[in-house]
Amino acid sequence: MRLSPPLPAHTRPGRPTDAAPPGPGGRVPGLDGARGVAALAVVISHVAALTYLPTGTLTPSHTEFILWHLGAPAVDFFFVLSGYVVARSLLRRPALWPYLWRRWLRLAPLAYLAVLLGFAARALALAAPSTFGPLITDHLRQPLTAHDQLGLLTLTLPALDANRLNPPLWTLIVELQVALMMPLLTRAARWPWLTALLLPAAFAAAVHGWMQALYVPLFFLGALLARHRVSLPRWAVNPALLLGLALLLQRHVTGSDSPLTRYVTAPGAALVLLAILGGAARSVLTARPAQWLGQVSYSLYATHFPLLLAVSVPLAHAGMPIHLAGLLGVPVTLLVAAVTERTLERPLLHALRPRAPQVA
C-alpha cells in the first residue's frame, strides 16, 4: 500500500495566507525555531536538575520549581513534532529500508556521542560536592549493570537507565525505538480511531517493562496531524497558541511529574504546532537567533548535560552557587553544540540530502 504525498503547506485548504511557507526539503522555518527554543528550555531545566530531582521527600526551591518544569513540556513538544516531521517524510518517500537508513544516520551518531560524554559525566559526578542533588550524587555514581551496558550499545532495547550515564539520553533512545515503528504508525494514522487501541496497548507494554511505550501515542498524534493535513482557520491561530502553551506549561501549576501528565500536555503540543504552521509567532521563531538554535538543537540536546557538569563542578568547589555555575555553563553548551553541528551533524545531513539527477 503506497501512501499519497501531502499537499505543500502553503496550498492546503484553510491555511492562513500569512503562514510560513516551507523551505528547502519541505522544512517550515517556524518549526525549526520552535525546536531550538524547546532545546534551550531543556538545557535550562537541567540547571535545576543539578540540585533537584522529584524523588523521595525533596521539596524544590522556587527557582528549581520554575526551571525544572520547563523540561518536560519541551520534550512533549519534541515528541509530537518528531511524529509530525517523520510522518511527512514517510508520506513523501515511503520506501522502508531507505527510511530506516536515513533515520539511523540522523539519530544514532549523536546518540553514541551522548553515550561517550556520559562516561565523562560519571567521572565528574564522582568529583561533585555533596551540595549537588541525587541525580549527580546518587544516580550517576551507580555502577552500570549488564542490562545498561547492552542498552548503551543497541540504543533501543533493552533501554539503559539513562540517569546512570547521561540523563537526556533517554529521549534519544525513545526516538530510536519509535523510529522503527513510524512506518506502521504513519500508515495507521489513516484511522484516527486507532488511538483508542493504542493508548491501552501503550499502558500494557509499560506494565510489562517497556516504559518508553507510554510516549508512542505522542508520536502518533504528530503522525495524525501530518496524515490528515490538519490546519487552523486564521481566527483560531493565536487562541490555539495560547491554549497550547497553557496546557504545555500546566506543570507550573500542578507540579506534577507523572508520565501520564503527558497525555494532557500532548494536545497542547499539537495546538502549538498547528498554530506555528498557521503563522503564529512567526517574527520570533524565524528570527536569526531562534533559527540558529533550531540548527544546533539536536547537537545541543545530545551534548549539554556533561558540559553543565564540567562547568558547575569546579565552580561549586570554588564556592559559587550551583545554579549560577550551571547558568554560566549554558554558553559553553551552545558553543560546543555549534562545533558539533558543524563537524558531525552537518556532514551527516548532507549525506542524507537527496541527490539531484544528473542532466546529460
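**Exercise 1. Is alanine 223 buried or exposed, at 0% relative accessibility?**

Step 1. Alanine 223 has 0% relative accessibility, so it counts as buried; buried means under 20% relative accessible area, exposed over 50%, and partly exposed in between, using a 1.4 Å probe and protein chains only.

Before going on: this is a predicted model, where local features need pLDDT of at least 70, side-chain atom pairs count only at pLDDT 80 or more, and totals for chains, interfaces and linings use all residues. Residues are numbered from 1 along each chain as its sequence is written, and side-chain values use heavy atoms, with hydrogens and water left out.

Step 2. Helices here are DSSP runs (H or I, at least four residues; strands are E, at least two), numbered from the N terminus.

Step 3. List what it touches, skipping residues up to four places away in sequence: Gly83, Tyr84, Ala87, Met182, Leu185, Thr186 and Ala189. A contact means heavy atoms within 4.5 Å.

Step 4. Check a C-alpha distance too: alanine 223 and arginine 190 are 33 residues apart along the chain, and their C-alpha atoms are separated by 9.3 Å.

**Exercise 2. Describe how α2 packs on α6.**

Step 1. Two packed helices are described by the angle between their axes and the distance between the axes.

Step 2. For α2 and helix α6 (residues 169–188), the angle is about 35° and the axes are 10 Å apart. Axes are lines fitted to C-alpha atoms, for helices over the stretch in contact, and angles run from 0 to 180 degrees between N-to-C directions.

Step 3. Now the hand: α2 and α6 make a right-handed crossing. That's the clockwise case; left-handed would have the near helix turned anticlockwise from the far one by less than a right angle.

Step 4. Who makes the contact? From α2, the residues include Phe78, Phe79, Ser82 and Gly83, and from α6 they include Trp170, Glu175, Met182 and Thr186.

Step 5. Sort the contact residues of α2 and α6 by type, and you get 11 nonpolar, 4 polar and 1 charged. Ala, Val, Leu, Ile, Met, Phe, Trp, Tyr, Cys and Pro count as nonpolar, Asp, Glu, Lys and Arg as charged, and the others, Gly among them, as polar.

Step 6. Arginine 103 counts as buried because its relative accessibility is 18%. Beyond four places in sequence, arginine 103 touches Ser82, Val86, Glu175 and Ala179.

**Exercise 3. Work out how α13 and α14 cross.**

Step 1. The axes of helix α13 (residues 288–317) and helix α14 (residues 322–352) come within 5 Å and cross at roughly 140°.

Step 2. The two helices are therefore oblique to each other: under 35 degrees counts as roughly parallel, over 145 as roughly antiparallel, 65 to 115 as roughly perpendicular, and the rest as oblique.

Step 3. The crossing of α13 past α14 is right-handed, and the residues in their contact come to 19 nonpolar, 9 polar and 3 charged.

**Exercise 4. How many aromatic pairs does the structure hold? Take two of them apart.**

Step 1. There are 8 aromatic pairs. Rings of Phe, Tyr and Trp (its six-membered ring) pair if their centres lie within 6.5 Å; planes under 30 degrees apart count as stacked, over 60 as edge-to-face and the rest as tilted.

Step 2. Phenylalanine 78 and tyrosine 301 are edge-to-face, at 5.8 Å centre to centre with 90° between the planes. This pair joins helix α2 (residues 62–92) to helix α13, across 223 residues. Phenylalanine 78 is buried because its relative accessible area is 13%, and tyrosine 301 is buried at 6%.

Step 3. Phenylalanine 203 and tyrosine 263 are also an edge-to-face pair, 5.8 Å centre to centre and 65° between the planes. Phenylalanine 203 belongs to helix α7 (residues 195–207) and tyrosine 263 to helix α11 (residues 262–277), 60 residues apart. At 34%, phenylalanine 203 is partly exposed; tyrosine 263 is partly exposed at 23%.

Step 4. For a cluster, look at Phe79, Trp170, Tyr215 and Phe219, which are linked by ring pairs.
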